[in-house]
Amino acid sequence: MPKRVVVLAGDGIGPEVTGAAVQVLQEVAPDLQFDHQLIGGVAIEATGEPFPEATRQALQGADAVLLGTVGGPQNSPWNLLPRHLRPESGLLALRKALGVYANLRPVRVQPGLEHLSPLKPELARGVDILIVRELLGGIYFDQDRKIEGSVAYNTMRYTTLEVERIAKIAFWAADQRKGRVTSVDKANVLEVSELWRRDVTALQQRDYPGIHLNHEYVDSVAMLIVAEPGRYDVIVTENLFGDILSDLAAVIPGSLGLMPSASLGDGAGLYEPIHGSAPDIAGKGVANPAAAIMSAAMLLRHSLDMPHAAAKIDGAVSQALRTTPTRDLGGRASTTEFTEAVLHALGRTAVG
């Protein structure tokens, strides 16, 4: 049976960058089937819900999900809705529906683009970090959350099962890279982090003795990831810390437009660029689709077992970044022109 990919273009520049990614996927995997559905603000406008039932049903039996962006400007009327009806709640519901508990975010400085990084070229050169973030647990998902008058609270909670399953992903990834894992916590303050450190250590000693493991506090990593980024190979951490650290690390390549991601679980994977909906440039044709296209490459690699096609896309994107940079990279290329450059590097020029 042909593989089916659900495409959730979403809001802002989402339709532009996912459109580019779909063109590239069609070039390297012409037998793929694409099922376009709604999420986020556009879903609210059409159905009254950020994650409508039609989208939920479309996920059944899908082989992978390609997501654009979710959300609008700060003054959007969507942000005045009850929290469960806001666009971002649709994203959380999507992750939960797919059961994707491991977010993989590669932080890679492209050769020849070191000058784009805010770091000195000698620090930026060769940076290649994979951040593995737990995605379905911790403070974002615990139900013990409330505002009571002048007091508000959220509860961070993890189980050994949740810790072990995300750590296994990190050790598996490290085994294909340099064999080093840094587990990030705050064990000097938080009991949750004590459990995290204990369980990650036990798993490494029992099942992954060939992987080098070290533990670091999150505040230390927040400094060292920009001061000495070359010290890291694979970083694994819980939801809140991973959210902050991965956004911090995103500045290293020089543009959010260069940051793809994959979210994996036991079923269909979720693939998306990490940048926001950028409503200020939506519809202008200037958005950088590189991260969305590289997310599509991750989709081929992790969900469709097509590593050679994924490698071809990554190579084509690297070439296009050097020859046809978009405005966020100091160039002048439009979204369409960059996509055409990628397709040309793959052996064809875009049509239409």
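Val65 is in contact with Val6, Leu8, Leu59, Leu98, Gly269, Leu270, Tyr271 and Leu299, leaving aside its neighbours within four places in sequence; contact here means heavy atoms within 4.5 Å. The model is predicted, so local features need pLDDT of at least 70 and side-chain atom pairs count only at pLDDT 80 or more, while totals for chains, interfaces and linings use all residues. Residues are numbered from 1 along each chain as its sequence is written, and side-chain values use heavy atoms, with hydrogens and water left out.

Val65 belongs to strand E3 (residues 64-69); helices (H or I, at least four residues) and strands (E, at least two) are DSSP runs, numbered from the N terminus. With a relative accessibility of 0%, Val65 counts as buried. The term buried stands for under 20% relative accessible area, exposed for over 50%, and partly exposed for values in between (1.4 Å probe, protein chains only). Between Val65 and Ser89 there are 24 residues in sequence and 17 Å in space, C-alpha to C-alpha.

Another buried residue is Leu91, whose relative accessible area is 16%. Leu91 is placed in helix H4 (residues 87-98). Apart from neighbours within four places in sequence, Leu91 is in contact with Ile39, Leu67 and Glu272. Leu91 and Pro118 are separated by 27 residues in sequence and by 30 Å in space, C-alpha to C-alpha.

Strand E4 (residues 100-108) has 8 of its 9 residues buried, so this strand is largely enclosed by the rest of the structure. Two strands pair if DSSP finds at least two bridges between them. E4 is joined by 7 bridges to strand E5 (residues 128-134), and the two run antiparallel; within this pairing, Arg108 has Asp128 of E5 as its bridge partner. E4 is also joined by 4 bridges to strand E11 (residues 262-265), again antiparallel, and here Val100 has Gly265 of E11 as its bridge partner.

E4 and E5 are among the elements against which the buried residues of helix H6 pack, together with strand E8 (180-185), helix H7 (191-207), strand E9 (212-217) and strand E10 (234-237). H6 (residues 160-175) has 16 residues and reaches 22 Å from its first C-alpha to its last, close to the 22 Å expected at 1.5 Å a residue; the expected span is 1.5 Å times one less than the number of residues. The buried residues of H6 are Glu162, Val163, Glu164, Ile166, Ala167, Ile169, Ala170, Phe171, Ala173 and Ala174. An α-helix has 3.6 residues a turn, so residues three or four places apart point the same way.

The annotated site comes next. The UniProt annotation "binding site", from an unreviewed entry, covers Asp219, Asp243 and Asp247. These residues span 29 residues in sequence, yet no two of their C-alpha atoms are more than 14.2 Å apart, so they gather at one spot. From this set, Asp243 and Asp247 are taken in by the lining of the largest pocket. UniProt positions are given in the numbering used here, feature names are shortened, and annotations may be inferred rather than shown by experiment. On a 1 Å grid over the protein atoms alone, a pocket is an open set of points where a 1.4 Å probe fits, with protein on both sides within 12 Å along at least five of seven lines, and lining residues have an atom within 4 Å of a point.

Not counting residues up to four places away in sequence, Asp243 touches Arg133 and Tyr140. Asp247, at 41% relative accessibility, counts as partly exposed. With the same exclusion, Asp247 is in contact with Arg105 and Ile274. The side chains of Asp247 and Arg105 make a polar contact of 3.0 Å; a polar contact is a pair of N or O atoms within 3.5 Å, where within protein one must be able to donate a hydrogen and the other to accept it, and residues adjacent in sequence count only if both atoms are side-chain atoms.

Asp219 has a side-chain polar contact of 2.8 Å with Lys186. Lys186 is in the loop between E8 and H7 and, at 17% relative accessibility, counts as buried.

Finally, Ala278 has a positive phi of about 45° although it is not a glycine. Ala278 is located in the loop between strand E12 (269-271) and helix H10 (290-302).
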